[in-house]
Amino acid sequence: MDIISSELNAPSVFREKAVLSPDYLPKRLLHREDKIRELTTAFKEVINDPGNTSVRAVIWGRTGTGKTATVKLFGRSFKEVVNKKGIKVEYVHINCHRQRTLYLLTLEVANTLKLPIPVRGLSSQEVFKVIHDYLDRRNIYVIVALDEFDYFVNTSPQEDVYFLVRLYDELSAAVKRISYIFIARDLSYINSLDKSVKDHILRNIIEFKPYSSSELYDILRDRVTEAFQENAVMDETIRYIADVNGFDKGGSGNARLSIETLELAGEIADRERSPIVTVEHAKLANSKLNQEASIILDEIGDLELHNLLLIKAVMNLTKRYKDDEFPMGRVEEEYQQVCRDLGEEPRRHTQVYEYVRRLRLMGVLNTRQSGKGLRGRTTLISLAFPVTQDLEDYVNKQIRVRINTREE
Ligand SMILES: Nc1ncnc2c1ncn2[C@@H]1O[C@H](COP(=O)(O)OP(=O)(O)OP(=O)(O)O)[C@@H](O)[C@H]1O
């Protein structure tokens, strides 16, 4: 079949495409060296005074700001360096969205450490105890990174969060072998915990700010060198993607979206048999990605019902008034109407305000303070992406799914 063979033999702008996949971990993370330094400072205790304290660090920031990559790079490097000093340290990275219960999380820790745990019929607490005894016997320390921890806090029973965080109140262990890095999009859910739990989390708080366009330029420059043929990507192409996503220029500051745009631009160039990735390819890629709001779709897929009802309210207003930003009060009225139409009890103002904050941090909503208006200052809310039919269908489907599964 010559179509297939000609396609397979066609020249490509890519040299090593895997470098552009979200799970690829580069050897260096430009503009995150200071965060690695802060984490190292926080975890020095593990070397200086092993077993005396269970270290906690919190990494928080918007999506795509390098939280996961930085913590993974830190974990692996720290383990290597400390093992050379004769202290056995393991690093375990848990995604709380995948391992969404304490039980699944505990099993994942055991599996990653390759502990032969007789799983049958043990409670999470008992599995944790078995893990700890195993670590004691082998004199091992573990750093457990809990990624998307805000999801765990928001969906798990408080006593599970309590057990995990105040582990050494539960385990009467002389040597503290387990330390934590909590990774979250924002601190609102953690702040909503009661003080006795919160105080065991909110130590060594490290904020990851969205990337500026010049930072994204450096990051993309690095990826281009590894992923593309020599001189296949024009410098102005990288500059364009960095500028359209740079936080200082109104973008989301999201490195993942920037790298995705770069990859799609390369695929478009290949499809056109162009040996060079031009700004036009990047513009097409950017409009496609932002238009499909693919990142947003990922985010929306995980949201609880009332966050979705709030998004629907803003979508309704955007469609109805051909305007794109609305005062908080107007959004709240529409949200209450959406709830009534679905037989849902609307949440109170403070909760709705929390939803708006979280959706802003996730890059789903944009907010800004209005000038001194008739009724004083208010928060103006808009969607961070265009309302397309398929997006609206998607949100409505997600709402139906949540209402139906709850009614089963
Ligand atoms: N400083 C950096 N240098 C190189 N690549 C980076 C940097 N920061 C982020 N990336 C890349 O951008 C993508 C997103 O990074 P990462 O997954 O760490 O973001 P995140 O903050 O954890 O996002 P989320 O909250 O959505 O999980 C990954 O492919 C990562 O390799």
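The model is predicted, so local features are reported at pLDDT of at least 70 and side-chain atom pairs only at pLDDT 80 or more, while totals for chains, interfaces and linings use all residues. Residues are numbered from 1 along each chain as its sequence is written, and side-chain values use heavy atoms, with hydrogens and water left out.

Confidence comes first. pLDDT is the predictor's confidence in each residue, on a scale from 0 to 100. The protein chain has a mean pLDDT of 90, with 95% of its residues at 70 or more. Where pLDDT is low, the predicted coordinates should not be read in detail. For the model as a whole, the scores are ipTM 0.99 and pTM 0.76.

Next come the sheets. Helices (H or I, at least four residues) and strands (E, at least two) are DSSP runs numbered from the N terminus, and two strands pair if DSSP finds at least two bridges between them. The angles come from axes, lines fitted to C-alpha atoms (for helices over the stretch in contact), and run from 0 to 180 degrees between N-to-C directions.

Strand E4 (residues 178–184) runs parallel to strand E1 (residues 56–61), and five bridges join them. In that pairing, Val58 stands opposite Phe182 of E4. E4 also pairs with E3 in the parallel sense, again over five bridges, and here Ile181 of E4 is the bridge partner of Ala145. Burial is judged by relative accessible area: buried means under 20%, exposed over 50% and partly exposed in between, using a 1.4 Å probe and protein chains only. Seven of the seven residues of E4 are buried, so the strand is largely enclosed by the rest of the structure. Both of its faces are covered, with Ile178, Tyr180, Phe182 and Ala184 buried on one side and Ser179, Ile181 and Ile183 on the other.

Another open sheet has three strands in the order E6-E8-E7, with antiparallel pairing. Strand E6 (326–327) and strand E7 (365–369) are the edges, each pairing on one side only. Two bridges link E6 to strand E8 (residues 379–383) in the antiparallel sense, and Phe326 stands opposite Ile381 in E8. Helix H17 (residues 305–321) lies across E6, E7 and E8, running at about 85° to E8.

Now for the ligand. A residue counts as near it if one of its heavy atoms lies within 4 Å. The ligand is surrounded by 21 residues, and the closest are Leu30, Thr63, Lys67, Thr68 and Tyr211. Polar contacts are pairs of N or O atoms within 3.5 Å; within protein, one must be able to donate a hydrogen and the other to accept it, and residues adjacent in sequence count only if both atoms are side-chain atoms. A side-chain N or O atom of Thr63 sits 2.6 Å from a ligand oxygen atom. For the side chain of Arg256, the corresponding distance to a ligand oxygen is 2.9 Å, and a backbone N or O atom of Thr65 is 3.1 Å from an oxygen of the ligand.

Gly66 is in the loop between E1 and helix H4 (67–84) and counts as buried at 18% relative accessibility. Leaving out residues up to four places away in sequence, Gly66 touches Phe208 and Tyr211, where contact means heavy atoms within 4.5 Å. Gly51 lies in the loop between helix H3 (45–48) and E1 and is also buried, at 9%. Beyond its neighbours within four places in sequence, Gly51 contacts Tyr141, Ala174, Val175 and Lys176.
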